[in-house]
Amino acid sequence: MRAILTFLALVILSSSVLSLPSERRDGDSALTEIQALNFALSLEHLQYYFYKRLYQYEPQDFSNAGLPPWSQGRYAQISSHELTHAQFLENILGDNAVQPCTYNFPDSDPRSFVKTSNIVEAITSSTYTTLAKYLSDPDYVISISSIHSVEAKHSAWINADMREGAAWSTAFDAPLSLSQLYTMMSGFIVSCPSSNSLPPIKVFPSLTFPSYVIPGQTVQVSFSPAAPDRDSQTLYAWFISGFKALVVPLNADMTVTIPDTLQGFVFFGNHEQQGERVRRCYSCWAGVLSLRL
């Protein structure tokens, strides 16, 4: 079973059993509907500018990389969808619409483009899952739900056809907080126009893993910036799949063993736990493991 590591985040205050999203505390302040729609637009801008990079690769480049020859054309359709989504949200927001930022994406060939697209679409699916709770206007709810449905199809196609992994993980997506989501987005953002106003969110530190891991493997966890003094408290890794959390203590040398029962998309976060409650979050961001079935 192969695991593909990318950068995502997680702060979920649940036990290692099934828990409802309403029982989780993400720490985000309430958003107005305009702020929620602008958060969606910020992400659509990011997606569109990422997918514009598709055109530096020819269909033959995908074939030479061992990818389906028709995949470049399918990605072109996704690029068109993201432009349509951005324009749709801009029309709703009018003068309140945020502007695109300056971005930096890590792809340098078709395979790294596919890997990055996997990250981008995972961010997007989690974002639209979370944004629904900030909307009350029925028309906005329908619009965001319609976009979410298409984005989920993008993600499933990339996972299954392009990465030869699981198209889904469980019966539920794991909702992330907007602070977690924006922290993940910020890894691709160089700067934004000063006129763009952000909702009340927090940008967390990040964690990094080796680029190749498998379930059951013990891996080194690195903090950026460096982890603060832990006061001799044990740090715990939280592996989240859907609404379920598996809690595993980090070793003294900051290594952790990936549970061998995980499959599909698995979010990872790091906390200091005291009893049944998380006392401090050292790094609410880490990775998503995309595991083959």
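D107 and R53 form a salt bridge in which the closest N and O atoms are 2.7 Å apart; the term denotes a side-chain nitrogen of Lys or Arg within 4 Å of a carboxyl oxygen of Asp or Glu. The structure holds 1 salt bridge. D107 lies in the loop between strand 2 and helix 4 (110-131), and R53 in the loop between helix 1 (33-51) and helix 2 (59-64), so the pair ties together parts that are 54 residues apart in sequence. D107 is buried, with a relative accessible area of 5%, whereas R53 is partly exposed at 25%. Here buried means under 20% relative accessible area, exposed means over 50%, and partly exposed lies in between (1.4 Å probe, protein chains only).

This is a predicted model, in which local features need pLDDT of at least 70 and side-chain atom pairs count only at pLDDT 80 or more, while totals for chains, interfaces and linings use all residues. Residues are numbered from 1 along each chain as its sequence is written, and side-chain values use heavy atoms, with hydrogens and water left out.

## Overall composition

The protein contains 6 helices and 13 strands. Helices (H or I, at least four residues) and strands (E, at least two) are DSSP runs, numbered from the N terminus. Of the 293 residues of the protein, 49% count as buried. The protein exposes about 13100 Å², and carbon and sulfur atoms supply 52% of this area. Accessible areas come from the Shrake-Rupley method with a 1.4 Å probe, and for residues only the protein chains shown count as cover. Among contacts (heavy atoms within 4.5 Å) with a separation of 6 or more, residues 24 or more positions apart account for 78%.

## The disulfide

A disulfide is a pair of cysteine sulfur atoms within 2.5 Å, and by this rule the count comes to 1. The sulfur atoms of C101 and C192 are 2.0 Å apart. The link between C101 and C192 is right-handed, with 95° about the S-S bond. C101 lies in the loop between helix 3 (71-93) and strand 2 (102-103), and C192 in the loop between strand 3 (189-191) and strand 4 (206-208), so the pair ties together parts that are 91 residues apart in sequence.

The table gives the accessibility of selected residues.

| Residue | Relative accessible area | Class |
|---|---|---|
| C101 | 15% | buried |
| C192 | 33% | partly exposed |
| V190 | 54% | exposed |
| H148 | 19% | buried |

V190 lies in strand 3. Not counting residues up to four places away in sequence, V190 touches T102, Y103 and N104. V190 and N104 are 86 residues apart in sequence, but 6.3 Å apart in space from C-alpha to C-alpha.

A nonpolar core is a set of buried Ala, Val, Leu, Ile, Met, Phe, Trp, Tyr and Cys residues joined through side-chain atoms within 4.5 Å. The largest such core has 46 residues, of which L46, F62, Y75, F113, I123, L131 and M185 touch the most other members. Helix 1, helix 3, helix 4, helix 5 (138-162) and helix 6 (178-186) are the elements that give two or more residues to this core. Helix 1 gives the most, with 9 residues.

Helix 5 contains H148. Leaving aside neighbours within four places in sequence, H148 is in contact with S125, Y128, T129 and D173.

## A hairpin of strands

Strand 8 (residues 235-241) has 6 of its 7 residues buried, so strand 8 is largely enclosed by the rest of the structure. Strand 8 pairs with strand 9 (residues 244-249) in the antiparallel sense over 6 bridges; two strands pair if DSSP finds at least two bridges between them. The bridge partner of W238 is V247 in strand 9. Strand 8 and strand 9 form a hairpin with 2 residues between them, and G242 in the turn has a positive phi of about 65°.
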